[in-house]
Amino acid sequence: MSTQIELLKKYGLSVRGYAGQHILVDPNMQRKIVDLLDLKARERVLEIGPGLGALTGEILRRGAKLWAVEKDKQFAAILKKEYRDFILSKRLSIFEGNFLEFDFQKLRGVGQGKIKVIGNLPYYITAPILFHLLDGRVLISEAVLTMQKEVADRLVACPGSKDYGRLTLAVRYRALVKHHFDIPPACFTPKPEVFSSVVSLKFHTGPKLLKADEEKRLFDLIRLAFSQRRKTLAHLLVHHSKVPVKREEVAERLESLNLPPTVRGEELLLKDYIVLAKEFHYCFSSVRA
């Protein structure tokens, strides 16, 4: 199969880095990323934005069945030409369109088991893509994603750090997140101005931790806690709820969790938020944040 550089020359393409398109041209990095999926023959994979197939060929070489969602019509046309034999053998299906509008239900009942997801995410829509994956997680076992290092740092951040926030907790509630390695700009064309990182998400299986209404209260609390990072959680609960909460009551509940009354949202673990959301369940029907 042709390399990414060969394909760019073959089709006379000028990649538009300003639109989030940065093609991974380093074959060693391509292999390392696909290795993380630990693919077995006939496993099902969904690829986000394959571009010119930097990962596509590597995935197909390992015997997987692949669905690829590509928004760029020119890239999609090239993929259909370069991978025609795989399409004819039904090993590869290409969906043209925006991944944020992709319906995961299309893959229900096609093959056995959950799907694996892989993709080099455009920098400017990484968070929306993550939330779309979280919404479809019932059909997904894991995802291996390349993204801007700044966003990856937020996903794996520890409490108390500047990167720890709502995105950290939203993803962590639903998946086990792991940072694997960074990729320097020189591995892409055009070269981005920042480093990229490869992370994996292994989605939690088994019964949900909370019911739907409890989950809503949990994320209402998290939203409130990070609405003003410099304020203590006690201050935010007392002053930002239409349902009155006494400072003494907040302090008492925090103390029961071995947390000081001066604790801020960025210092709390996910398990702390889960307990507090249950304790202050009556506060969040009208939270302003």
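**Figure 1. Confidence of the predicted protein chain.** The mean pLDDT (the predictor's confidence in each residue, from 0 to 100) of the protein chain is 90, and 94% of the residues score at least 70. Helices are DSSP runs of H or I with at least four residues, numbered from the N terminus. Residues are numbered from 1 along each chain as its sequence is written, and side-chain values use heavy atoms, with hydrogens and water left out.

**Figure 2. Aromatic cluster of Phe95, Phe99, Phe102 and Phe104, linked by ring pairs.** Rings of Phe, Tyr and Trp (its six-membered ring) pair if their centres lie within 6.5 Å; planes under 30 degrees apart count as stacked, over 60 as edge-to-face and the rest as tilted. The count comes to eight aromatic pairs. Phe99 and Phe102 are stacked, because their ring centres are 6.2 Å apart and their planes lie at 10°. Both Phe99 and Phe102 are buried (under 20% relative accessible area; exposed is over 50% and partly exposed in between, with a 1.4 Å probe and protein chains only). With centres 5.9 Å apart and planes at 80°, the rings of Phe99 and Phe104 form an edge-to-face pair. Phe104 is buried, as is Phe99.

**Figure 3. Charged ends over the rings of Phe181 and Phe280.** A charge sits over a ring if NZ of Lys or CZ of Arg is within 6 Å of the ring centre and within 35 degrees of the ring normal. For Lys32, the charged end is 4.1 Å from the centre of the Phe181 ring. For Arg253, the charged end is 5.5 Å from the centre of the Phe280 ring.

**Figure 4. Salt bridge between Lys149 and Asp153.** A salt bridge is a side-chain nitrogen of Lys or Arg within 4 Å of a carboxyl oxygen of Asp or Glu; the count comes to 17. The closest N and O atoms of Lys149 and Asp153 are 3.2 Å apart. These residues lie four apart in helix 7 (residues 149-155), so about one helical turn separates them. Lys149 is partly exposed at 28% relative accessibility, as is Asp153 at 24%.

**Figure 5. Salt bridge between Arg223 and Asp220 in helix 9.** The N to O distance is 2.8 Å. Arg223 is partly exposed, with a relative accessible area of 31%, whereas Asp220 is buried at 8%.

Notes:
Helix = DSSP H or I, 4+ residues; strand = E, 2+ residues; numbered from the N terminus.
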